[in-house]
Number of protein chains: 2
Amino acid sequence: MPMKHDIAQRLSQYRSVLYKLKALGFVRVFSDNLGDALEISPALVRKDFSTFSLTGNKRGGYRIDDLLDKLNRLLGKDKVQRIIIVGCGKIGQALMSYSGFTREGIQVVAGFDSNAAVIAPQASIPILDIKELKTYVKREGIRIAIVAVPDNSASHVFDLLRAAEIKGILNFAPVPLKGAEGCVVRNINIGLELENLFYLVRFAGKVPPQPAARPAG
Amino acid sequence: MPMKHDIAQRLSQYRSVLYKLKALGFVRVFSDNLGDALEISPALVRKDFSTFSLTGNKRGGYRIDDLLDKLNRLLGKDKVQRIIIVGCGKIGQALMSYSGFTREGIQVVAGFDSNAAVIAPQASIPILDIKELKTYVKREGIRIAIVAVPDNSASHVFDLLRAAEIKGILNFAPVPLKGAEGCVVRNINIGLELENLFYLVRFAGKVPPQPAARPAG
DNA sequence: GAAGATATGTGAATCGTTTCACAACAACGA
DNA sequence: TCGTTGTTGTGAAACGATTCACATATCTTC
């Protein structure tokens with residue numbers, strides 16, 4: 001299953017930059033501008049656009065509105081995306097009220113948890129018992145879930161989501177879940193990202209591969 | 001600035017898997033095992049290890065304890081890493097009490113915010129006024145910060161952190177910050193990750209680059 | 001309406017990463 | 001002690017992603 005990964009990410013970034021430019025009153029962009037904004041080469045911008053038949057004008061660059069229309073369609077931004085959050089601890093609840101989502105056309109329609117203390121079916125975003133997960137997902141046609149549970153329940157929750165035929169998971173649990181037939185998984189491990197940062201900071205500038213000394217000899 | 005990015009990430013993943021294997025009673029591993037665990041080829045595991053002079057035994061694979069020792073040293077896991085969190089809204093506060101950190105030897109030593117209502121210098125993890133950021137960072141020798149502020153304060157906070165000579169930033173604000181001289185930045189944009197997921201789910205199986213029709217002709 | 005300037009679109013070259021393939025070597029058994 | 005087996009370590013090949021380079025199209029100006 002060889003699927004381009006970075007390019008889709010860039011598509012979203014182009015979109016975001018284009019909205020900012022539009023707000024500033026611009027009508028057209030050049031591949032140079034977008035390249036600068038994303039810190040990539042103009043050639044790559046053009047290649048990306050070419051891949052998705054986003055065409056421009058040989059002299060005047062690309063029409064921003066035109067690009068945005070096509071990108072929005074491509075990224076499914078023409079309709080509100082409805083998601084659920086499994087695990088309503090601190091992080092789960094923080095994400096439930098994250099204002100960045102509504103701005104992006106993403107709607108958290110429900111939370112799920114096994115802890116009776118947090119269940120609140122009448123809240124503006126209802127928090128339901130995890131037992132209702134499968135029924136809810138099927139009835140409401142939910143395709144994407146965020147997982148924000150502790151590491152020891154991660155794989156159990158993963159099974160439940162697979163049984164409910166969820167199509168995509170954004171996993172914040174510190175246990176990497178493996179994608180499977182019909183279900184794409186994106187793992188975000190905050191601890192791991194920090195570790196990575198420690199490493200990069202430690203070796204910034206210096207040569208990383210070369211751990212100090214040879215065994216002598 | 002050509003710095004390997006994925007390999008450091010993998011180093012942390014090796015470490016995590018090795019601890020699990022060790023807990024299961026294993027003493028040695030083969031590149032095959034690690035390859036399976038990370039869903040990469042055994043050859044890549046060996047190349048990675050070779051890059052960092054993590055050597056094994058031609059017949060009996062690698063000694064887990066040996067690998068862990070060296071990986072821990074390489075990843076700076078031999079001492080506790082002290083970090084701060086800038087922006088103590090819902091997400092910031094959720095991260096402050098995130099139990100995954102302590103398990104990984106990461107200690108959140110303080111939070112910073114501009115909102116007087118959340119400031120609490122006496123809390124077990126003190127939340128201080130953002131005005132004290134620079135002094136604190138310099139006095140305590142903090143190198144890494146997590147940014148969890150709204151989009152409109154992100155770039156201001158970024159400037160403050162740069163002025164305090166922070167060396168690495170994990171940015172959760174939905175505005176990409178650009179790394180700069182002496183400061184590594186890793187952006188995590190949750191909305192963007194979700195968008196990416198929508199895209200991948202939509203085109204799972206199908207050919208992604210090929211938006212329907214050609215212009216005719 | 002022709003000449004000049006400027007930006008796209010894309011095949012070919014380049015670059016970095018991953019995989020292949022196999023020599024070198026350690027453990028084990030006879 | 002000597003073959004057999006199984007695994008590492010690594011140069012070379014393959015692959016994928018990015019950049020180069022330039023032909024091509026459009027706009028502008030005179």
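Helices here are DSSP runs of H or I with at least four residues, strands are runs of E with at least two, and both are numbered from the N terminus. With that in hand, A:S53 sits in the loop between α3 and β2 of chain A. Keep in mind that this is a predicted model.

**The interface**

- Chain A puts 65 residues into the contact, and chain B puts in 64 residues.
- About 6200 Å² gets buried between chain A and chain B, with 69% of that on carbon and sulfur atoms.
- Eight salt bridges are counted between chain A and chain B.
- Take B:R103 and A:D151: their side chains form a salt bridge, at 3.5 Å from N to O.
- There are also 17 residue pairs in polar contact across the interface of chain A and chain B, with both residues at pLDDT 80 or more.
- On the side of chain A that touches chain B, helix α9 (residues 190-202) of chain A supplies the largest share, 13 residues.
- Sorted by class, that side of chain A has 35 nonpolar, 13 polar and 17 charged residues.

**Aromatic pairs**

- Over all chains, the count is 12 aromatic pairs.
- A:F52 and B:Y199 have ring centres 6.4 Å apart and planes at 75°; edge-to-face means over 60 degrees, so this pair is edge-to-face.
- This pair joins two chains, because A:F52 is in the loop between α3 (42-51) and β2 (62-63) of chain A while B:Y199 is in helix α9 (residues 190-202) of chain B.
- Both partners, A:F52 and B:Y199, are buried.
- Elsewhere, A:Y14, A:F49 and A:Y62 are linked by ring pairs into a cluster.

**Positive phi in chain A**

- A:E39 has a phi near 55°, which is positive although the residue isn't glycine.
- Look for A:E39 in the loop between α2 (31-38) and α3 of chain A.
- A:E39 is exposed, and its relative accessible area is 54%.
- Back to A:S53, in the α3 to β2 loop: its phi is near 55°, again a positive value in a residue other than glycine.
- A:S53 is partly exposed, at a relative accessible area of 39%.

Key:
Residues numbered from 1 in each chain as written. Chains lettered and ligands numbered in written order. Predicted model: local features only at pLDDT ≥ 70, side-chain atom pairs only at ≥ 80, totals over all residues. Heavy atoms only, no water. Contact = heavy atoms within 4.5 Å. Buried area = accessible area lost by both parts, 1.4 Å probe. Salt bridge = Lys/Arg side-chain N within 4 Å of Asp/Glu carboxyl O. Polar contact = N/O pair within 3.5 Å; in protein donor to acceptor, adjacent residues only side chain to side chain. Nonpolar A, V, L, I, M, F, W, Y, C, P; charged D, E, K, R; others polar. Phe/Tyr/Trp six-rings, centres within 6.5 Å; stacked < 30°, edge-to-face > 60°. Buried < 20%, exposed > 50% of the residue type's maximum accessible area, 1.4 Å probe, protein only.
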